[in-house]
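My notes follow in the order I went.

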Amino acid sequence: MGAPGRGGYGLFGNGPGDDSARTNRRADGYVRPVCSREDALTRLGRRWLEAVTFLVAVVVTMPVAGAQDPDTTAARRDSIARRDSVVRDSVARDSLAKVEATRQARLRALAADTIKVPTARPQMPPSLAISEPYAWDRPGIIRSGAFTLGELVDRIPGVSSYRAGWISAPEMAAVNGRFGRVRFFLDGVELDPLNSRLDGQHDLTLIDMFELEDITTEPSADEVRVHLGTWRVTSTTPVTQLDIHTGDLQTNHYRGHFGRRFQGGQVLQLAGNHYATTDRGTGEAGDHTALWGRLGIARNNWTVDAQLLRSGRKFTERTFADDPPENDTLPTMDGLWTVAIGRAAWGDPMANGPWVQGLASAQSYSIRNPDLTVIDSIPGPGGGGTGGSPEEPDTLQVPNDTTQSRPQFVLSGGYNRGPVRVSALGRLRRWHGDMTISPAVRVAWAASRGLTLSFFGERSPLDSLQRLEGSARLNLGDRFAVSGTVSQFSPLEGADAPTSLAVRAEVGARVGRTWFTVGAVRRDTAFLPAAIAFDTLFGSGAQGPSNGLFATVRGKFYRDVGVDITVTRFEDAGIYRPQYQTRSRLYVDTDMRSRFPSGNLAILFGISHEYRSQALFPFADGFLESSQCRTWNAELVLRLLTASFSLQYRNLFAAQYQQVPGFIMPNGAWVYGISWRFFN
């Protein structure tokens, strides 16, 4: 190796044997200069000396002149010297080449062995979305700017999420005004709402997102199923990610992830999440700490693993903003949620061929509030004490903690062949000493283009419902598409509820890279559960048939500039449902490949506007109304290599509003921070 024309001596050679004592064949300045003042006699003597020397050389070489040419002899002597040098250099180069080849082979073997088979994933439903689906991968979750899972679900037409304050306050989501119709599945295990205060409903702030790899929503006619897939790693090179964010309202947020695969296919993953916030204006304060881990092994086509999630949240008592009724507050909460899942899987539910998965899960929710102090001033045993009186009341300590747990066992399997997907599962639960089995079946013809068909059926004794659902989507050349879903919810034997029918339809056209769609939703008369997470005095109610229209504009329309607009309109304001709800977002999302082909620099900047009209909350003597609100938000994400800086400003113009009557939302808040992903 070396510069051209250097015979290989520039880097690894030993230098030519008969040249000017330098590897570049130059004297490098070691030449005696000629004096310009030498006289003519000296020059004449030197010429005579050179002539005599030449004659002597001729005489000496004459006997062998016929045998060989003196120039050839000189050349051969020089070539012998050069050949020795070349041989030495060739040996050196060959040795180095062998060492380098061995090193490269070892690196290739290691590189091929650093990527392992991923751990199993749950089955995902076929996509029936016309435009971009409401689904997010791991980078998309971070780039979405959503602080809670409810903020993502709220983007689906027909879904309205409600929150009683900043990120630590309770949050619920309703589908067409009905709470309890947003269901969540973590790696195939349904997350059961076990908080004894919520009467079988989910508080969405309790469902963590830090350990997730993807979120896929399945909007049906009167229900939304949200499939959550946990983070997976495939490389034997350890990977670590750290997120640190801070901002207004004394908000501090920290996340950390570590994952590694081993040569035998073993997997180790650990993650943690913590945030704390205090809003002195509203009195809201809370913190949330969660830990997650996975151990297991995945080889070839099978996986055996176990994961554990423990999530604790605290928030303080909140009161109504204007003259609250007596005892009408959001009570203090100190809760701990635990989800443990063990899994054995063979095959891939999203690839061709058969597959089967068996899961065993244990879920629990514990309320760890301190004991209540009760004053018994009623004479006799009526007050709970042994015999208090107004003059000498009894003081009682009443336990205020509860724990509810529910095991769940899932056996599922199926077969995929091209666009055909067939699967079935059985979900076994034990609750209050009784065993319930919820069978389900799904049959689909899933094509990326053309016709997609899906049928889903489930019988759920836990909520006394039988679900039958048929869906179809027709995509014509990726230019026009139509989609529709019909769902029937029938009560099981002994349940006092009517059969309900719901329809969802959508049609769209693509112009450039932007999809324009319009659609409609309808459901029959329904019983709407109370928003009990916010206040126990909020009531339930029955509402007649509900009809709504929606429209969307989604996608990039000019280079890296795009829009995401959703508008929903119902006939009028309903129970737990606004008449109008819009969300508009204008954004620039670019990695500037034309200037930076490596893709190591990316920029996301967006401005969003949200509008919501009043919704009705049933109360003791009528209805309370939430605020009509308009809010503006801004977001910025800069990524350089594997480090990102993000900044968000919520409620730019400090609008005062209430999503839940009596609970004021923050007037505005900055949240900013960094995220760094690196390989150890």
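Predicted model: local features only at pLDDT ≥ 70, side-chain atom pairs only at ≥ 80, totals over all residues.

How many cavities of 30 Å³ or more does the structure hold? I get eight.

**Entry 1, the largest cavity.** I started with the largest cavity, which holds about 650 Å³ of space. I find 39 residues lining it, and Glu151, Glu610, Thr631, Asn633 and Arg650 are the closest to its centre. Next I looked up which elements the lining comes from. I noted β2, β31 (561–570), β32 (580–590), β33, β36 (629–640) and β37 (643–650), each of which supplies at least two residues. The largest share is from β36, with five residues. Sorted by class, the lining of the largest cavity has 15 polar, 13 nonpolar and eleven charged residues.

I count 25 lining residues for the second largest cavity, with Gln123, His227, Leu425, Arg427 and Arg442 nearest its centre. Two or more lining residues come from each of β5 (182–186), β8, β17 (353–368), β20 (401–417), β21 (420–431), β22 (434–445) and β23 (450–460). I put β21 down for the largest share, four residues. By class, I wrote 13 nonpolar, six polar and six charged for the lining of the second largest cavity.

I moved on to charged pairs and got a count of 35 salt bridges. As background, side chains of opposite charge can pair when their charged atoms come close. Which side chains does Arg225 meet in salt bridges? One is that of Glu223, at 2.7 Å from N to O. The other I looked up is that of Glu469, at 2.8 Å from N to O.

Arg225 has a relative accessible area of 2%, so I logged Arg225 as buried. Glu223 is at 1% relative accessibility and therefore counts as buried as well. Glu469 is buried too.

I picked another salt bridge from the list: Arg612 with Asp154, where the closest N and O atoms are 3.2 Å apart. Where do the two residues sit? Arg612 belongs to strand β33 (residues 601–612), while Asp154 lies in the loop between α4 (149–153) and β2 (159–163). I noted that this pair links distant parts of the chain, 458 residues apart. Buried or exposed? Both Arg612 and Asp154 came out buried. Going back to Entry 1, I see that β33 and β2 are also among the elements supplying at least two residues to the lining of the largest cavity.

Last, I looked up a loop residue. Leu537 lies in the loop between β28 (526–528) and β29 (541–543).

Note on methods. Residues numbered from 1 in each chain as written. Heavy atoms only, no water. Salt bridge = Lys/Arg side-chain N within 4 Å of Asp/Glu carboxyl O. Buried < 20%, exposed > 50% of the residue type's maximum accessible area, 1.4 Å probe, protein only. 1 Å grid on protein atoms, 1.4 Å probe; cavity = no way out; pocket = protein on both sides within 12 Å on 5 of 7 lines; lining within 4 Å. Points joined across faces, edges and corners; volume = space filled by probe spheres on them. Nonpolar A, V, L, I, M, F, W, Y, C, P; charged D, E, K, R; others polar.
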